[in-house]
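Dear colleague,

Please find below the structure that I am handing over to you.

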Amino acid sequence: MKTSCLAKSVATLLTISAFNLQALPQCADPTWMEVDYPKPQLPDTGYRNGLNRFITWLPSFHMIHDVVVAKGNSATITAKFDYGAVSHKDLEYETVRFYIRSQQDNQWQFLSEQVTNGDGKAFATLPPLPAGQYRIYAGVPADGSGTEGFVTVVDPNTPAVLFDIDGTLTKSDAEQIGDYTGIDRADPREGAYSLVRRYMDLGYQPVYLTARVYWYAKGTRSWLDWMGLPEGVLRTSLSNETSLFKTAEYKIDQINKFRAQGLNIVRAYGNAKTDAEAFIEAGLGSENSFTIGSDAGHYGTTAILSDGYFDHISEYVDNYDAALCE
């Protein structure tokens, strides 16, 4: 009888241990986002809307809104197509094609063909996918242009660290102007690269949450690539009004949406008062919310008093626990 009870106890412990091991989320692999793949081959077709031929000679500022989605959930991909650095003329009622590529695929897989609406947007639906990271390409067959984005499918409690960009990873908010116009690359804060990389080495998913409006997405991805950092998960605003007047509300909403899908945002970095407000109001906690620059420490956040991150990394990151994932 005692032997039988002992065997049952051991079996129970093994079952609990196995459950705990299975409960760990999959570790992020953001370095896969840094690999350059040739774009998919688009079919050679004409214009669905003949008027669009008069705008497609302008430079394109297409973008895909990166998605974070819980494993087991379907997702909707939003792609925005426009042309012209000044006019940002929407690509209206034109055929576009979506493709997807997982880490295991050796080529792009056709997803669906859609038509843009009057706002230059097109949408594609993804079925529930296994945890992991996926590339999405959206292209315009009529002129061969296109854009790439990312879908991150996460297990519950996938550990992540959130970063603002302007004034946080770059030296100042004004840096974005030169970077957007192509006049000059935005200068990074000292240690910005090392800060993001150190968290990646510890197993955390980097998430870039910026109030830059959507047409900055193209340049932002280019800047991240130039920095040697993964281009996603990147979240930009979809309107000027949000970027200019509702920044804190926008960031609170996005943080809550990330967490609702399964991201466990353990730390966040910003520089503006709106960043500080968003981090605290979203419930990240003062000890996990770091701000740098002239407004460091605002709203009860933890202040980074230097202009760079090397001292902060030594004091706060090098001894930080590795991500709880496998």
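Predicted model: local features only at pLDDT ≥ 70, side-chain atom pairs only at ≥ 80, totals over all residues.

Strands β11 and β12 run parallel and are joined by 4 bridges. β11 also runs parallel to β14, to which 6 bridges join it; there, P159 has N264 in β14 as its bridge partner.

**The largest nonpolar core**

The largest nonpolar core holds 35 residues, and those touching the most other members are F163, L195, Y199, Y208, Y269 and Y309. At least two residues of this core come from each of β11 (158–163), α3 (192–201), β12 (205–213), α4 (217–227), β14 (263–270), β15 (289–292) and α8 (310–317). The largest share, 5 residues, is supplied by α3.

The buried residues of α3 are A192, L195, V196, R197, Y199 and M200. They pack against β11, β12, α4, β14 and α8. After α3 comes G203, which has a positive phi near 100 degrees.

Y309 deserves a separate mention. Apart from its neighbours within four places in sequence, Y309 is in contact with T168, R189, E190, G191, A192, L195, Y269, I292 and I304.

**Helix α7**

In α7 (residues 273–281), the buried residues are D275, A276, A278 and F279. They lie on the same side of α7, because they cover an arc of only 165 degrees around the axis. As background, an α-helix has 3.6 residues a turn, so residues three or four places apart point the same way. The elements covering the buried residues of α7 include β11, α6 (247–261), β14 and β15. Just after this helix, G283 takes a positive phi of about 85 degrees.

**Aromatic rings and charges**

The count of aromatic pairs comes to 14. In one of them, W32 and Y37, the ring centres are 6.5 Å apart and the planes stand at 55 degrees, so the pair is tilted. W32 counts as buried, at 7% relative accessibility, while Y37 is partly exposed, with a relative accessible area of 26%.

Y37 also takes part in another arrangement: the charged end of R101 sits over its ring, 3.9 Å from the centre. Elsewhere, K218 lies over the face of F61, at 5.3 Å from the ring centre.

Ring pairs also link F163, Y199, Y204, Y208, Y269, F290, Y309, Y316 and Y320 into a cluster.

**An open antiparallel sheet**

What is the order of the strands in the open sheet? The sheet has 3 strands in the order β1-β3-β8, with antiparallel pairing. Its edge strands, each pairing on one side only, are β1 (63–64) and β8 (121–126). Between β1 and β3 (residues 75–80) there are 2 bridges in the antiparallel sense, and I64 stands opposite A79 in β3.

With kind regards

Key
Residues numbered from 1 in each chain as written. Heavy atoms only, no water. Core = buried A, V, L, I, M, F, W, Y, C linked by side-chain atoms within 4.5 Å. Buried < 20%, exposed > 50% of the residue type's maximum accessible area, 1.4 Å probe, protein only. Contact = heavy atoms within 4.5 Å. Phe/Tyr/Trp six-rings, centres within 6.5 Å; stacked < 30°, edge-to-face > 60°. Lys NZ or Arg CZ within 6 Å of the ring centre and 35° of its normal. Pairing = 2+ DSSP bridges. Arc of directions from axis to C-beta.
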